[in-house]
Amino acid sequence: MNLFILIDSGLLSLKPAQSIWAISSGQDLVMLILGVIVLVGMVLIGLVAFYLLLILKKAVEPEPVKKPVDTRSLWQRLSGLHSLSQEKELVMEHAYDGIAELDNPTPPWFMWLFYSTIVFSVIYLFIFHVIGSGDIMAQEYTQEMAIADQQREEYIRKVAGSINENTVTLLKDAKGVESGKVLFTQYCVACHGDNAEGKVGPNLTDAYWLHGGDVKAVFHTITEGVPEKGMISWKKQLNPLQVQQVASYILSLQGSNPAGAKEPQGEKIAGAVPVALR
Amino acid sequence: MNVSQKPPTIISSDRSLLGQGTAPAVQYFNYDNRTVRNFAIATIVWGVVGMLVGVLIASQLFTPSANLGNQYTTFGRIRPLHTNAVIFAFVGNAIFMGVYYSLQRLCKARMFSDLLSKIHFWGWQAIIVAAAITLPLGLTTSHEYAELEWPIDIAITLIWVVFGINMFGTIINRRERHLYVAIWFYIATFVTVAVLHIVNSYEMPVSLFKSYYVYAGVQDALVQWWYGHNAVAFFLTTPFLGLMYYFLPKMANRPIYSYKLSILHFWALIFIYIWAGPHHLLYTSLPDWAQSLGVVFSIMLIAPSWGGMINGLLTLRGAWDKVREDTILKFMVVAVTAYGMATFEGPMLALKNVNAIAHFTDWVVAHVHVGALGWNGFMTFAVLYWLIPRVYRTPLYSRKLMGVHFWIGTLGILFYAVPMYISGFTQGMMWKEFTPEGVLKYPNFLETTLQLIPMHKMRAVGGTFYLLGAILMAFNLFKTMAAGKLVANEPAEAPALVKAYVPTGSDTYWHRWFERKPIPLLIGSLIVILIGSLVELVPTFMVSSNVPTIASVQPYTALEVQGRDLYIKEGCVNCHSQMVRPFRSETERYGEYSKAGEFVYDHPFLWGSKRIGPDLHRIGGKYPNSWHYHHMRDPTSMSPGSIMPSYPWLLENKLDISNTSDKLKALQKVGVPYDDMTISYANEDLRKQAQQLSSQLANDGINVKSDREIVALIAYLQRLGTDIKKMEPSGK
């Protein structure tokens, strides 16, 4: 349970109906005015008492010894240093195994540093745990993911906006197919083998297909996956352009007859003729 | 030598009596230098050993075969040996050396009991030897810097109490009215280390050399890093500040710059330090409020820790001409500067956005080594060079050699730290880098590892330089010892302390009261460190909403428990974390981020603190069993270029199942809900699961008997992080 929220919402807030500012009758008004007068009176008495205390203290205490005039430069004051020649006056009257101590003040810049870190800490806790919900990590993560999704969408729209399941075409240029090969090596060989000969996943080099063998069907299979058979959906890791490249590379392997090819699965599809034969 | 021979101008242990009739009788006694010398030799020997092991494991990070091909010298097992040797053997003995030397002189009294001094010395060395034997054997509890098993933990407690009695006895017998600032630090060190060690060592024994931590998961992590962080604070920092307050003014023959500053930074330091532990657990499953406390208290720690550095450096004001000539002071200046550097970095690393990049990388390694090599190492060297000639009453064998040691050591630190900073930054950024397409630029963890190899090589060179320096010092000092003769009992004199005392002058200052009363000072320190500890630890234990439970998370099976213990034994946690942080880069790379409720049966937690290899929390089910088999047999067969050593003995060793039921019983006692049936049929279940796994492996063409260790380890790895997935179908 978040402690700060507890205090914030549970303990400090009053129910609106009980508010002293909800004045509904003349009696309420009188009570309020009386209250204010009492409060002002208390403050005044307090001030007077404090002033008397100061005077009394001055009267009772002996006259303080006048401090020697501080002749230090601004820099020395800021850094809290005395000149070395003044050191003799600062030596304290004790020593331990010959080690003496100086009665130097703590350097002012050091104290400022300390105070400012304390202020930082108070503000930090206030921002995240009093104003905020205190659920810092989860919020940060959700935000980071939202930004990433937005960026990905923009990017896809820019570079591959026109490519989708219906408009995808088979790439024949060497560069596109080569990019497809790189992606295939990185993501697909674990299941389909180094040469697409099939391992856990089916052989991709023969004419038999489980989910369709034209470029549109392959594009669909890669994008959406076949979760029930262990083929994951790649649309979060590969953009449509990349899927097009991989699909083109896979289809370029038709009839390549790699060593150790897995037995055919699915239906024979005539449309998936090897690129080389077209 | 840089110490004036003239007597100090102000000598009076009891000023109020000066000029008031007869002075108290002067007493004659001896300082015990033999124990100091013994601790000094132990410091030198263990220092060289610890650094040697350091160089060995550093080279294993680019040449895995440097593990010498056997299980006893493999990174996972000897990395704890290195840290323990350096922290508790090298630095520990250095602390005792410095304390035994300075305490006697600051109290004007011999150590309380020669017998206790002897027990303390030999007991501590025996503990170190026990550690050096058990850690390579894989007997470990896996808590970082507290890896030793429970019998050794008890021995540590006893010896620490011996040290405490000896120290307080000396303080009680003192002939000096007030306690000097160095002694405040010694007292705080004693009491805090005792608290830390006892709370962190709550274990349920299974056998003489196996135990499970009572705490689990998030709680265990919080306790461990409360301990780990404060081991740095109260074993590596406060005792050394005490040493600095004694030896620095002695060496420079200068007064301490500011008494007020020493009061302020002493109390602020011990109060604030104890809160800052959670900064080791930023972006983990630790509740946000605890992380925030870790952040803000780390930031507030800058000034108090710098207070020590400022007081040290300003003490040298007016003695810089000496620094130029005196190598011992040069060592001290580098030490104090390294302290300032490390204590600036610490708070910076506690800022969450810095931590997000630097944590789990070499940046942290660089940070701790600036502290260890610079602050602890160099100050230890300075004290040794200063003290050995004094207790042997002979000049140092070679000042030139000492100069060489200084420069080669400084160079070593630079060669170590700079590449590690670069390496940490590089790796942190590579993990987080995405391509414009929105996928990880380096999806394969190994790519980032290979990028760091040149930096790791340079680090090993730096470490070797540093080791070489230490060996030079050992030679120099042993030569010095051979030339002189130990003054085992150094004569001293001081007036006895008179009971009646009326403070006058500066002794009326409020803090002077504490300095006259060691026990209230002890209790005061204890209260100050307990506040932060209780605020952080108690709510995590008491409030269940801090660890939301997940219904589908179940206890490990018998085989998985055995596999987990193998994982602990081999020190896998030293290279692999089990904590997927809530970052896009991590959830893309590893899977769903880790939830607190997933660790409720993890005794101990295995989140890790450094990723040399990838995170393993979601490894379960990611690869087939055969992949793990081949990966343990020869990592490069599955991941070309991998720097993981191979673990052939896991394929051959027979799994020890004689204690399976005992293990489950012990886990039951610490709160894992095993029923009695499961416990009594533990080995039947284990065999069944092992048989199943072994036949699965056989399907993949791997013939391994079901009773081998590898089977248990694979079972554990395949279980990791999978429980949470079971609830997905019903969740949707």
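Guide: Let us begin with a term. Buried area is the accessible area, taken with a 1.4 Å probe, that two parts lose on being put together, summed over both. Please also keep in mind that this is a predicted model.

Visitor: What is the area buried between chain A and chain B, and what percentage do carbon and sulfur atoms give?

Guide: Chain A and chain B bury about 5,400 Å² between them, and 62% of this area comes from carbon and sulfur atoms. On the part that chain A buries against chain B, A:Tyr96, A:Asp97 and A:Met137 supply 14%, more than any other three residues.

Visitor: How many residues of each chain are in contact?

Guide: Contact means heavy atoms within 4.5 Å. Here 55 residues of chain A touch 69 residues of chain B.

Visitor: How many salt bridges does the rule find across the interface of chain A and chain B?

Guide: A salt bridge requires a side-chain nitrogen of Lys or Arg within 4 Å of a carboxyl oxygen of Asp or Glu. The rule finds three across this interface. One of the salt bridges joins the side chains of A:Glu87 and B:Arg254, at 2.8 Å from N to O.

Visitor: Which elements give two or more residues to the side of chain A that touches chain B?

Guide: They are strand 1 (91–96), strand 2 (99–102), helix 5 (108–131), helix 6 (136–160) and helix 7 (174–187) of chain A. Helix 5 of chain A provides the largest share, 12 residues. Sorted by class, this side of chain A has 30 nonpolar, 15 polar and 10 charged residues.

Visitor: How is chain A divided into domains?

Guide: The domain assignment gives domain 1 (104–139) and domain 2 (174–268) of chain A. Their centres, taken over C-alpha atoms, are 55 Å apart. An unreviewed UniProt entry lists residues 175–254 of chain A as "domain: Cytochrome c". That span is 50% helix and 2% strand, with its end C-alpha atoms 18 Å apart.

Visitor: Which residues does the UniProt annotation "binding site" cover?

Guide: The unreviewed entry names B:His82 and B:His369. B:His82 belongs to helix 2 (residues 75–107) of chain B.

How values were computed
Residues are numbered from 1 along each chain as its sequence is written. Chains are lettered from A and ligands numbered from 1 in the order in which they are written. This is a predicted model: local features need pLDDT of at least 70, side-chain atom pairs count only at pLDDT 80 or more; totals for chains, interfaces and linings use all residues. Side-chain values use heavy atoms; hydrogens and water are left out. Helices (H or I, at least four residues) and strands (E, at least two) are DSSP runs, numbered from the N terminus. Ala, Val, Leu, Ile, Met, Phe, Trp, Tyr, Cys and Pro count as nonpolar, Asp, Glu, Lys and Arg as charged, and the others, Gly among them, as polar. UniProt positions are given in the numbering used here, feature names are shortened, and annotations may be inferred rather than shown by experiment. Domain bounds come from an automatic or database domain assignment.
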